[in-house]
Amino acid sequence: MTTARGLFVTFEGGEGAGKSTQIRLLTEALRADGHTVVTTREPGGSAGAEALRHVLLSGAAEPFGVRMEALLFAAARADHLDCVIRPALARGEIVLCDRFVDSSRVYQGVTGNIEPPLMAALERVSIGSTMPDVTLVLDLAADEGLQRARRRAGASAEGASPDRFEKEKLEIHEKRRQGFLDIAAREPERCRVVDGSLDVEDIARDILSEVTRVMAGRASGDSGQAARS
Ligand code: TYD
């Protein structure tokens, strides 16, 4: 079974907020219910975009500055949409994407300090009118995210106070967290903020019910906010 014209769901939030776990659990739940699900991520998700992912995440693009990095994120997104996302939606499938345009708005726009007109122009050329139907913002306090990341890295620094660099990191994380919350407040029809400090299973249940609600609304014809190019 597939939905009538596909459903585009994105996951956003800071590092350590639990996006990958929730994408996995939602994929399993939707597939168990008979849906065809495509899981993908940004930067990346298509051959061209994965090549750009390497350039971006390795730091090779850093010397060219934040504007050039923003251009590359946008170029990767355009290829990803053309090659993977739009075709899947046209087939009526559900696309779950780990990060999308809101990550650019926050990482390049808010903490990268790129001027809003350039961000808006990049958004226009990279996505056209293909916005997500639902964006799940996994919200977690910056210090908790940092602790999780430390635990993941196997550090035994639990309880120790953050050093100078970690403090700086904390401030940036908090700014990004606020950036995602601001987007969610501005676009409440598309965005749902999910408390990332809750139990994994509870979060998964909330996310599934939100996605199911949107699909049901769509089926009964009262949704359809996302115009697609
Ligand atoms: P990734 O290893 O996928 O990490 P995460 O688990 O945090 O998603 O790294 C992606 C990094 O790229 C992450 O630090 C956020 C950043 N990013 C941007 O700066 N702009 C963007 O548009 C996107 C999609 C990601």
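Start by selecting Glu 15, in the loop between strand 1 (7–13) and helix 1 (19–32). Keep in mind as you go that this is a predicted model. Glu 15 is partly exposed, with a relative accessibility of 42%. Now show what surrounds it: leaving aside residues up to four places away in sequence, Glu 15 touches Arg 99, Tyr 107, Gly 145 and His 173. Zoom in on Tyr 107, whose side chain forms a polar contact of 2.7 Å with the side chain of Glu 15.

Next, select the ligand, which sits in the largest pocket. Helix 2 (47–57), helix 3 (66–90) and helix 4 (101–110) are the elements that give two or more residues to the shell around the ligand. Helix 4 gives the most, with 4 residues. Of the 13 residues around the ligand, display the ones that come nearest: Lys 19, Arg 77, Arg 99, Ser 104 and Gln 108.

- Lys 19 to an oxygen atom of the ligand, 2.9 Å
- Arg 99 to an oxygen atom of the ligand, 2.7 Å
- Gln 108 to a nitrogen atom of the ligand, 2.8 Å

Of the 550 Å² of accessible area that the ligand has on its own, the protein covers 79%.

For the last stop, select Arg 190, in the loop between helix 7 (164–186) and strand 5 (191–195). Is Arg 190 buried or exposed? Arg 190 is buried, because its relative accessible area is 4%, under the 20% cut-off. Its side chain makes polar contacts with the side chains of Asp 102 at 2.8 Å and Thr 135 at 2.6 Å.

Methods: Residues numbered from 1 in each chain as written. Predicted model: local features only at pLDDT ≥ 70, side-chain atom pairs only at ≥ 80, totals over all residues. Heavy atoms only, no water. Buried < 20%, exposed > 50% of the residue type's maximum accessible area, 1.4 Å probe, protein only. Polar contact = N/O pair within 3.5 Å; in protein donor to acceptor, adjacent residues only side chain to side chain. Contact = heavy atoms within 4.5 Å. Near = heavy atom within 4 Å. Areas by Shrake-Rupley, 256 points an atom, 1.4 Å probe, with all protein chains shown as cover. 1 Å grid on protein atoms, 1.4 Å probe; cavity = no way out; pocket = protein on both sides within 12 Å on 5 of 7 lines; lining within 4 Å. Sits in = over half its atoms within 2 Å of the grid points.
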